[in-house]
Amino acid sequence: MAEIRIRNTNERISADQDVRNFLEGQEVVYEHWDTSKLPAHLQENFVLSDAEKAEVLATFDSEIKDLSARRGYQIWDLITLSDATPNLGDLLKKFEAVHTHTEDEIRAITAGKGIFIIKGAGDVGYFDVELSAGDVISVPENKAHFFTLMDNRAIVAVRLFIEANGWIAEPYEDPSFVKA
Ligand SMILES: [Fe+2]
């Protein structure tokens, strides 16, 4: 289950309904998939062959089709990041910059953990959404954010796109952003 940390106050929100209510108030879509459906050899496995990636996508085919039908996604893929990823450190440095794009950013975590840092509406300021396996999140278009890994440095996630070129990151210069 996702957990929220509001950076200005250090308040944590972890009860399921409170997390859902908070994210809904921020127009962040939050859903959950049952990752116990995954065959055992694909659970918490971060180094996947192309055939295994296809197997993960096939496991969640009905969830992907359902999301796509509701929200207009046309294409999807599966990404893996772990210490086995070449240049992971450099990649994470690139990730950790606040940006926006004209398409929403949707991720369904099928293994591992990740974190979205999002600029909240009004005076909420930046908040973290800590995600684990099963969490599905969509950061709305044009909302300032970035994504990175957590201490375990490993994730597998489905990405869905309305159109691939709608997802070019625009840097978002924000003097109020403070790295945690
Ligand atoms: Fe993004």
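UniProt positions are given here in the numbering of this structure, feature names are shortened, and annotations may be inferred rather than shown by experiment. The structure is a predicted model, in which local features need pLDDT of at least 70 and side-chain atom pairs count only at pLDDT 80 or more, while totals for chains, interfaces and linings use all residues. Residues are numbered from 1 along each chain as its sequence is written.

An unreviewed UniProt entry places the feature "binding site" at H99, H101, E105 and H145. These residues span 47 residues in sequence, yet no two of their C-alpha atoms are more than 11.3 Å apart, so they gather at one spot. H99 is found in strand β5 (residues 99-100); helices (H or I, at least four residues) and strands (E, at least two) are DSSP runs, numbered from the N terminus. A residue is buried if 20 or more other C-beta atoms lie within 10 Å of its own, exposed if 12 or fewer, and partly exposed in between, with C-beta atoms placed from the backbone.

By contrast, helix α3 (residues 61-71) is hardly covered, with one buried residue among its eleven. Just after α3, G72 takes a positive phi of about 85 degrees.
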